[in-house]
Amino acid sequence: MRTTLQKAKRIAFVIYLLALHGVVIYFVGERVLQRFTKVAPLEIAAVADPSEVKTIPTPLPVPESFAPPPDSNSNADANANVNANAAVAPVANDAAGLIIPVVGIKPDQLTDTFTDSRSEGRGHDAIDIMAPGGTPVVAATDGEIVKFFDSERGGITIYELTTDRRFMLYYAHLQRRADGISVGMQVRKGTTIGFVGDTGNAGPGNNHLHFSIAIVTDPKRFWSGTYINPYPLLKTGQYPQ
């Protein structure tokens, strides 16, 4: 009986020691785990509020057309040196004169290509004004937009009849026409009507404006008048006579 009681006490003591070690191991293990697996608390400010409405900044407006800079293609200086025996009469008022129809081009940058030959025995009957693609093309004088025409030779074109209805101005090889320009519209000198391009038979990358002036001989066939050389007129800013 006494031996059995002693065995029971020993068993109870062993169980006690095991339980005590278990408790110690539990608390030590918890501290170790917290040290190596600690997760930083989530900051409330880092979470975006889904109900918050944020204002999106309005982008700066992009102009649809470019206004020609002041005196960017002025030939006022050339007017002061017009020879008294010139083939065209001097203009008393600048509003009646011509400006170079490509923004940024100066008179000394023009080349007289009026008499150059073209394919099929044709004469050029115009001048080519070289400029980078997309350069604004402006009305050389006041007038009316009377026709849009897209052709294999001229590409994208514009016909402008002068205010006195005596001359037809022809702008060809355009990249595109300016937004808001339409047939029947009255335009002022310097109004952007299109952009330099290489459409038609200009040749890829050969960006330039084909510009001609014709005397209207038949109002019903304004596109087939008598061509005159624009070169001396644009060099001096004169209006054709």
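Author: Let's start with a term: two strands pair if DSSP finds at least two bridges between them. Keep in mind that this is a predicted model.

Reader: Which other strand do bridges join to β3?

Author: That's β6 (residues 186-187), also antiparallel to β3 and joined to it by two bridges. Take Glu 144 as an example: Leu 161 in β4 stands opposite Glu 144, while Gln 186 is its bridge partner in β6.

Reader: What about rings? How many aromatic pairs does the structure hold?

Author: Rings count as a pair if their centres lie within 6.5 Å. The structure has three such pairs. One of them is Tyr 159 with Tyr 170, tilted, at 4.9 Å centre to centre with 45° between the planes.

Reader: Why does that pair tie together parts that are eleven residues apart in sequence?

Author: Because Tyr 159 sits in β4 and Tyr 170 in β5 (residues 167-177). Both tyrosines, Tyr 159 and Tyr 170, are buried. Then there's Phe 167 with Tyr 239, an edge-to-face pair at 5.7 Å between centres and 85° between planes. Phe 167 is in β5 and Tyr 239 in the segment after α3 (230-236), so this pair ties together parts 72 residues apart in sequence. Phe 167 and Tyr 239 are buried, too.

Reader: And which charged residue sits over the ring of Phe 149?

Author: Lys 147 does, with its charged end 4.8 Å from the ring centre. Likewise, Arg 177 lies over the face of Phe 148, 4.3 Å from the ring centre.

Technical notes. Residues numbered from 1 in each chain as written. Predicted model: local features only at pLDDT ≥ 70, side-chain atom pairs only at ≥ 80, totals over all residues. Heavy atoms only, no water. Helix = DSSP H or I, 4+ residues; strand = E, 2+ residues; numbered from the N terminus. Phe/Tyr/Trp six-rings, centres within 6.5 Å; stacked < 30°, edge-to-face > 60°. Buried < 20%, exposed > 50% of the residue type's maximum accessible area, 1.4 Å probe, protein only. Lys NZ or Arg CZ within 6 Å of the ring centre and 35° of its normal.
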